[in-house]
Amino acid sequence: EEEKKGKQKKTNYNTTRSHSIMAEPNTNYYDKGSSEAAQLTALTLKKLEQRRKLTGDSERLVIVLVGLPGRGKSFIARKLQHFLTWRGSSCRVFNVGKYRRHANAEMSRERHEAQVEDTSTSEKVERADLGSCDAKFFDPNNAEAAALREKVAAMAMEDMLKWLDYEGPEEQENNNNGNSLKASFRRLSSSNSGSDWGVCRKYSRVAIYDATNSTKARRDWVLEECTCPVKRAGKRTGVIFVESLCDDQELLDQNFQFKIQNSPDFKGMSKEEAIADLRSRVEKYESQYETISDDSRSYIKIYNLSSKLMVNHIYGRMAKVIVPALMAWNIGTRPVFICRAGQTTDDGNTVVNANHRKASLRGDVLGHTGRRFTDALAEYILSEGIKFMENRENVVSLDTGTSVSGLRHSNSSCDFTDMPSLEMPFSAHIMTSTMPRAIETATWERLPFPVHQISNLNPLDKGDFTGMELEEIKEADPDWYGKLEQDPFRTRYVQALHIRVIIVSSH
């Protein structure tokens, strides 16, 4: 009996041990990965569900800026607006500061209407007419100012959501834009808000809500207003927070200087007074500032204007479009020049014939006049490049000990105007289409910069209208030409493409 029990235990042990040993893999994991089909687990389903919620198709997107004053929020807003508009999206910035100044100006003018203006109060009256607000306005203990800030935030939000839902011709939309702010302030003391934007929308839109949004409570309110299933039923809206953080004191000082020079809040103040007022304003915000910490939300944190980025739950078009753009932007300046290729014919004849059309299609080489244009263009670029580098060196020394960036060595004493052919006086990035005429226009013997050929810069394929000038197209197909005049960005050439497709597909 004891011998049987011993054998039984031994057998059970061997069976258990054999189950714990992993089977030999069917393939080399490090070279080819696993050959087994992926298995769904509770964890992967949970992660996929979160991603699905954040990447659903949405015709409306709100980018909510977050950050203390002087952190470059409005700079980011303008860059985003220009970039997204260039890509073909309808994009608009709703700056709460503009609403606040307008509302404060209305209230200040009412206070001063009964007062007699004298020399001691004229400056204050002028600042009041602009809606300027000093640091006291942003004191959290200032109940009246806090109530006004809440009202203007709500008005900006109301206009933004109406714009997101609007459907109508672009001309009407643009006309309404100039009056929407004034219309909002006419509603400041009224509960009747009427609809200025309509109830539907025509194209996908991106709105940028530009404000400090410095507390968790304010951000919760913004998210609720944009995504509430009751208020926004049938109007799915995506929301992403973009927080700008800055701890680089030199960068902050430069941002502060720019802000006091351009913001109406500081008009009429001396430079010292403006800086002191701005620092006091920042301190009042800092006393209640809460950085974004809720990782269940979609957000991007930008440190020191793109020196570092933190990205959380950013998927789909945000990851493909906005994040790389935010990483690439900087506060530097450099000249950008855009020009057409030189002339390919020398007879000056503007009559289009079959031979000219064929030459245009294959991108014929330059004629005598085109070559003269190329020489003049090289001289112009050389002059502008030298001027730009000299202006930069007047601001700060740019000696880096390397020629990779195109900057001069510290021991360089060469004359820019007599530069050897192998040494570039400045860096430049030259891009052209693949057409021979364009490449020849950008190829300069005195400035032998590499020429990057990009097919996206080639002339747009006109399909059935290939080789025809616009005047000929207008005569051949006036109905289609009328559509082109109304919306050149989205009008597709017959059997060809339109500009929007080219831009979007290039990214």
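**Salt bridges and a buried serine in a predicted model**

Me: How many residues apart in sequence are the parts tied together by arginine 60 and aspartate 165?
Reply: The side chains of arginine 60 and aspartate 165 form a salt bridge of 2.8 Å, N to O. Arginine 60 belongs to strand S1 (residues 60-66) and aspartate 165 to helix H7 (residues 143-165), so the parts they tie together are apart in sequence by 105 residues.

Me: Which residues are linked with Arg60 and Asp165 in a network of salt bridges?
Reply: Arginine 60 is buried at 8% relative accessibility, and aspartate 165 is buried at 4%. Their salt bridge belongs to a network that also takes in Arg232 and Lys235.

Me: Is aspartate 220 buried or partly exposed?
Reply: Aspartate 220 lies in helix H9 and forms a salt bridge with arginine 297, with the closest N and O atoms 2.2 Å apart. Arginine 297 counts as buried at 16% relative accessibility. Buried requires under 20%; aspartate 220 has a relative accessible area of 25%, so aspartate 220 is partly exposed.

Me: What is the relative accessible area of serine 214?
Reply: Serine 214 is in the loop between strand S3 (205-210) and helix H9 (216-227). Serine 214 touches residues including Arg219, Tyr285 and Glu290. Serine 214 is buried, and its relative accessible area is 7%.

Definitions and conventions:
Residues numbered from 1 in each chain as written. Predicted model: local features only at pLDDT ≥ 70, side-chain atom pairs only at ≥ 80, totals over all residues. Heavy atoms only, no water. Helix = DSSP H or I, 4+ residues; strand = E, 2+ residues; numbered from the N terminus. Buried < 20%, exposed > 50% of the residue type's maximum accessible area, 1.4 Å probe, protein only. Contact = heavy atoms within 4.5 Å. Salt bridge = Lys/Arg side-chain N within 4 Å of Asp/Glu carboxyl O. Lists of a residue's contacts leave out its neighbours within four places in sequence.
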